[in-house]
Amino acid sequence: MIRITTLLIALLLFLQTDLFAQDSYQVPSQELVNLVDGARNPSVSFSPDRKTLLLQDVPSLPSIAEMAQPELRLGGIRINPNTGGPSRPGYVTGFTLRDMETGADREVSGLPENAVITNVSWAPDGARFAFLLNREDRLELWMADVETAEASRLADGRVNNTYFGSPYSWTRDSDALIVRFIPENRGEEPQQSTAPTGPVIQENLGVTRPARTFQDLLQNSHDEDLFDYHFTSQLAEVKVSGDVHMLGEPAIFRSASLSPDGNYILVNKTERPYSYRVPASRFPQNMQIWDREGNMVHQFAELPLADNVPIAFSATTEGPRSVSWRNDAPATLSWVEALDGGDPTVDVPKRDRLLQLSAPFSGEPETLFDMEYRYAGLMWSDEGFALVSEFWREDRHRRTWKINPDQPGEDPFLVFDLSTEDRYNDPGSPQMRRSEFGTWVLNTMEDGETLLMTGIGATPEGNRPFLAKQNMMTGEREEIWRSESPYYERIVTLLDEEGTKAITSRESVNVQPNMFIRDFASGELEQITHFDHPTPELRDVYKEFIQYEREDGVQLSATIYLPPGYDMDSGEKLPVLVWAYPREFRSADAAGQVADSPYRFAGMSFWGPHFALTQGFVVVENATMPIVGEGDENPNDTFVEQLILSSEAVLDELERRGVGDRTRAAIGGHSYGAFMTANLLAHSRIFRAGIARSGAFNRTLTPFGFQAEPRNFWEASEIYLSMSPFMHAEGIKDPILFIHGAEDNNSGTFPMQSERMYAAVSGLGGTARLVMLPEESHGYRARESVLHMLWEQSEWLNRYVRDAETVVMD
């Protein structure tokens with residue numbers, strides 16, 4: 001009898017465990033299913049002439065069967081070998097054209113049923129657009145005509161979209177495209193021998209070659225052969241009439257860019273030797289200039305394997321980089337070269353040099369500008385100047401200079417001098433317009449001295465996007481328009497070069513974002529889209545943007561959500577879920593600046609913490625967790641201490657408001673937010689439970705830097721160890737849920753990170769659960785995966801937080 005009773009008890013315990021330890025996909029409550037399957041608004045794109053609005057149908061989440069299609073991982077790139085494109089691409093399924101003048105809609109015809117469409121691109125004249133139609137065994141180049149609203153296949157070849165950048169680009173006259181095709185006679189895929197031919201050997205002969213933590217690298221000679229096979233392309237010019245003209249010989253093309261006058265093609269090819277330590281972006285490069293027939297007219301640069309680049313921020317490669325055509329000239333190349341060997345620790349007066357070389361490319365390169373900091377961007381004007389930006393990561397200093405590219409001897413003029421952390425004084429970004437070549441140049445006014453600027457308009461009251469005129473020479477600024485409460489409105493695109501009208505996106509806390517035409521002079525608004533609320537079941541969620549202060553005086557902010565039907569006057573304190581992501585700052589004042597708006601739409605997403613609203617939680621989203629290091633201090637020197645201060649502050653604020661029960665609070669986050677979560681549970685008892693998704697927990701596995709940490713492990717071993725929750729797993733006394741994509745390819749967040757962290761917590765007697773999602777990477781996309789994630793998160797919070805007994809935690 002005793003034996004039978006023991007067996008029954010054991011069986012009951014097994015069944016109870018199995019109920020929460022499923023190995024099949026689970027489905028959460030219907031409310032959460034609706035959150036995942038809710039209506040998706042179309043994505044929108046405006047033609048370059050602003051006469052047509054393209055509405056692109058966005059499908060629901062893909063199935064796990066779609067995610068399980070064949071995949072190769074080569075040199076840090078994941079491809080589908082059957083299609084010749086990226087694995088698991090995002091896509092649209094159909095098009096509707098809307099006439100901006102009449103408002104009439106026309107559905108684009110000619111598409112097959114269940115179309116899978118990627119890489120949509122307008123022709124410069126706005127008369128048509130191209131796209132790739134994804135078949136099971138190929139990618140096809142298609143084109144749609146705006147006048148007829150008909151789509152058809154443009155060329156018979158199989159497009160190669162495996163490598164960097166877009167697989168095609170329009171010519172400036174909109175008459176043709178330069179396309180990468182799979183070579184017609186490439187043969188069968190290389191097969192790996194069943195028996196190895198020898199060991200895989202890597203060697204370093206005393207050269208410093210640090211590298212960040214990369215994934216999906218080449219592993220052996222067979223991978224190298226596969227890399228050659230799948231990434232080799234044949235360039236061709238495809239006319240809109242369908243005529244195809246092959247250009248040059250097959251190669252592994254990184255890019256192919258037409259000169260503004262259309263007479264030359266700048267091609268960048270990847271060549272051997274490859275590396276097993278760094279991804280394909282670091283492989284040797286061969287840059288050449290071709291004519292329109294595919295004949296080389298100038299050998300521009302041959303760059304070696306970049307496997308010895310310093311890991312410090314503001315480090316870069318040697319030799320030409322950021323090579324491109326001048327947008328304001330017929331055929332002039334511009335590029336940047338490091339003057340310090342790419343090493344920011346070298347003490348030199350100037351670090352980068354901007355150069356140019358004009359057709360026929362037979363002369364010597366001309367120096368345009370030497371920079372004290374690292375090059376950070378270039379914008380051309382057809383008014384005889386360019387704006388060049390430089391940036392230094394250590395102190396977040398950014399400067400923008402006005403230079404004369406046609407008179408390099410002229411002194412540069414400083415236009416902007418700012419800290420990238422200082423949101424409140426951000427002048428915004430210059431607006432662009434089309435040049436006579438069809439390229440993008442600065443949209444200037446008043447004899448070229450004034451820029452049209454747009455920006456998010458950060459203020460202590462929240463973001464208020466703006467449109468302004470700024471005189472580059474005097475600094476005088478005239479504000480044309482700024483978003484006003486109770487709406488959040490931002491400029492999508494200007495409708496004229498004078499900045500009198502624009503298409504904006506407008507929303508409020510309770511009103512779904514939609515597109516409008518705004519007349520800045522009259523203030524008139526004309527609504528041009530009428531998208532419905534995507535989650536009507538959660539329409540009555542209460543949302544509020546809050547600001548508060550932590551103990552050391554740093555200002556913090558967050559957005560809180562209360563479940564539908566919650567009575568603010570009831571005095572009921574609800575369980576809490578805080579969702580956050582730490583960020584580093586060099587200034588406490590900058591860390592305290594507001595980075596959101598109180599008037600943003602209360603949109604509900606399955607990806608973030610909003611699921612907990614359906615379970616009766618107060619949700620705190622984007623709770624700021626600034627990690628500040630001023631002067632000689634590095635932010636990470638007090639990483640854990642600052643996390644704890646910020647966490648206590650947000651719970652204090654909820655308690656002050658009388659809505660949150662701090663004894664039933666959970667913390668969660670994704671990626672670096674998961675790292676934060678594990679650290680908070682390891683070093684404090686502030687939270688009852690945690691959700692850590694796709695995180696890294698042992699920083700000795702990322703020894704050459706992580707996130708914003710500039711030092712390597714051997715320079716700051718105490719910091720690496722103190723910040724690694726794996727090293728403090730014995731301190732995790734509260735339940736922690738680990739969720740990770742089994743195929744995570746994000747740098748540093750190997751799936752092993754969660755597996756080992758779970759092993760540590762469980763091995764030390766902690767309460768933990770590990771969920772590895774098949775076929776998923778750093779973010780989760782399959783419907784089955786997302787639904788299961790929501791089920792796991794809901795069950796975890798309900799069991800260990802919402803329904804837990806109220807106790808005082810030490």
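Modeller: Let me start with lysine 51, which is found in the loop between β1 (43-46) and β2 (52-56), where strands (E, at least two residues) and helices (H or I, at least four) are DSSP runs numbered from the N terminus. This is a predicted model, in which local features need pLDDT of at least 70 and side-chain atom pairs count only at pLDDT 80 or more, while totals for chains, interfaces and linings use all residues. Residues are numbered from 1 along each chain as its sequence is written, and side-chain values use heavy atoms, with hydrogens and water left out.

Biologist: Is lysine 51 buried or exposed?

Modeller: Lysine 51 counts as exposed because its relative accessible area is 56%, given that buried means under 20%, exposed over 50% and partly exposed in between, with a 1.4 Å probe and protein chains only.

Biologist: And what does lysine 51 touch?

Modeller: Leaving aside residues up to four places away in sequence, lysine 51 touches Arg98, Asp99 and Met100, where contact means heavy atoms within 4.5 Å. The C-alpha atoms of lysine 51 and leucine 495 are separated by 9.3 Å, although the two residues are 444 apart along the chain.

Biologist: Let's switch to serine 63, then: where is it found?

Modeller: Serine 63 is in the loop between β2 and α3 (64-67), and it counts as partly exposed because its relative accessibility is 24%. Not counting residues up to four places away in sequence, serine 63 touches Ala782 and Glu784.

Biologist: How many residues of helix α4 are buried?

Modeller: Helix α4 (residues 221-231) is mostly covered, with 8 of its 11 residues buried, and among them are Leu226, Phe227 and Tyr229. What covers the buried residues of α4 includes β3 (72-74), β4 (77-80) and β14 (233-239).

Biologist: What about α2 and α10, at what angle do they pack?

Modeller: Helix α2 (residues 30-37) and helix α10 (residues 783-802) pack at an angle of about 145°, with their axes 10 Å apart; axes are lines fitted to C-alpha atoms, for helices over the stretch in contact, and angles run from 0 to 180 degrees between N-to-C directions.

Biologist: Which residues meet there?

Modeller: Leu32, Val33, Val36 and Asp37 in α2 meet Arg783, Val786, Leu787, Leu790 and Ser794 in α10. The residues of this contact divide into 6 nonpolar, 1 polar and 2 charged, where Ala, Val, Leu, Ile, Met, Phe, Trp, Tyr, Cys and Pro count as nonpolar, Asp, Glu, Lys and Arg as charged, and the others, Gly among them, as polar.
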